[in-house]
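Have a look at the sequence and the fold first, then read on.

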Amino acid sequence: MSFEWKDKPVSRWGGEPISRRRFLGYATIGLSAIISGLVALPLIGNLASPILQKKKVETKWVELGKTEDFKVGQPTMVQWVTSRMEGWVMETAPRAVWVVKQDGENFTVFNPRCTHLTCSYSWKLKGEPHQTAYGSTMPDKGHFFCPCHDGVFDIDGTVLGGPPPRPLDTLPVKIEGGRLFTIYKDFRVGIAEKIEL
Amino acid sequence: MLRQIYDAIDKRLAIKKTVSDQLDHPVPEHVNPLKHPSAFVYCFGGIAAFIGLLLFLTGLFLVIYYVPSPDHAYDSVQYIINNVTLGWLVRGIHYWGASAIVIMVVLHALRVYFHGAYKNPREMNWVVGVLLLLIVLAFSFTGYLLPWNQRSYWATTVGTSMVSLVPFIGNHLLQLVRGGNEVGAVTLVRFYAIHIGFLPAILLLLLGFHFFMVRKQGISRPL
């Protein structure tokens, strides 16, 4: 059985004849679409809620230690634990940064995530043997190395090799009373621009 | 292009024919409320089914945030209501729909009873309908515990203590239902599993029979 409009057209809209049966068909489809949309709206809102939540930005200065305890040319990882509200749970979140002492007064603090795909990188001394993902050749000097895809960064954060699209991300630095402070931030990865998450 | 893709699928599955057969299915005149205003009573089952669909959809999305653990159940429900976009609405539809479906299913059963629609040849569908009523009540009972507030905790404590009065095996039944001697973490997660897993599976199966038999046997005339 196929669609056959057995009844006669009852009205003319814009010159086109339209049968009662066809009109009711369109009305049914239209009303169903409206009802479906009304039901779908809160459900989609429910699902998309994380996109619509307000951004939570960390603004606290975190103390990393006495400036005199850091050695020039020897990057140091500083770790601490912070707490944040995740949904309905107060979660503890481990944090880490790499501190590079350039000279007695100037410091660089790096976010601990590789700018390629957020793996953790580490500092390798000159000539220090270590595993690589693809057997890439390592520079003949100390370097930051990301083990996931052989990303290599210089001590100032510039890319020496591998897939990272931009240098390591620097964080704000403040020295007060001989102590080093930073504000922890995360950034989007995989792109050439440094954009805060 | 789209037309060709559709035609290729339709040639193999005859979707258009199936759909138009359903849409062209003649409905007896005596159930048409436009001709017989009192025929609105025939809508109760359909309304119950529609509320059931709403409950299924909203429940699906509540599961995204709800955690069936004493540590998180209450807080995750509060989070849905206060923080999730339109979460109050999704939860509200589920909350009110839960009461509405019980009312509609009971009205539907009363309609069938007073029309004598359960008689030969529709006895099987009456039996399936009674099972469906029990399933809906089981949904209500298990869902009531999930918000994990004082009301749901004590309602479940009182409700489950009834099974302990079964002769001989009452205490074992109680432990089976509660997953222990008291209502606690084990009770919560098993009620959750029953609510979102076991019952929907049984419901869909029985509902399939229910609808199939209505279509096969047609809608009865009132006495």
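Let's start with a strand pair in chain A: strand β9 (residues 151-153) of chain A pairs with β10(A) in the antiparallel sense, over 2 bridges. Pairing here takes at least two bridges found by DSSP between the two strands, and strands are DSSP runs of E with at least two residues, while helices are runs of H or I with at least four, numbered from the N terminus. One bridge joins Val152(A) to its partner in β10(A), Gly161(A).

A word on the ground rules: this is a predicted model, where local features need pLDDT of at least 70 and side-chain atom pairs count only at pLDDT 80 or more, though totals for chains, interfaces and linings use all residues. Residues are numbered from 1 along each chain as its sequence is written, with chains lettered from A and ligands numbered from 1 in the order in which they are written.

Back to the sheet. Strands of a sheet pair through backbone hydrogen bonds, either parallel or antiparallel. In chain A, the open sheet has 4 strands in the order β7-β8-β9-β10, with antiparallel pairing. Its edges are β7 (122-124) and β10 (159-161) of chain A, each with a single partner strand, so one side of each has no neighbour in the sheet. From one strand to the next, the twist averages 40°.

Chain B is another story: 9 helices and 0 strands. Its C-alpha atoms fill a box of roughly 55 × 50 × 35 Å along the principal axes. Helix α6 (residues 123-145) of chain B packs against helix α9 (residues 185-217) of chain B at about 160°, with axes 9 Å apart. Axes are lines fitted to C-alpha atoms, for helices over the stretch in contact, and angles run from 0 to 180 degrees between N-to-C directions. α6(B) and α9(B) are therefore roughly antiparallel, a label for angles over 145 degrees.

And where the chains meet? 14 residues of chain A are in contact with 19 residues of chain B, contact being C-beta atoms, placed from the backbone, within 7 Å.

Here are the residue classes for two contacts:

| Contact | Nonpolar | Polar | Charged |
|---|---|---|---|
| α6(B) with α9(B) | 19 residues | 6 residues | no residues |

Ala, Val, Leu, Ile, Met, Phe, Trp, Tyr, Cys and Pro count as nonpolar, Asp, Glu, Lys and Arg as charged, and the others, Gly among them, as polar.

Methods. Contact = placed C-beta atoms within 7 Å. Parallel < 35°, antiparallel > 145°, perpendicular 65-115°, else oblique.
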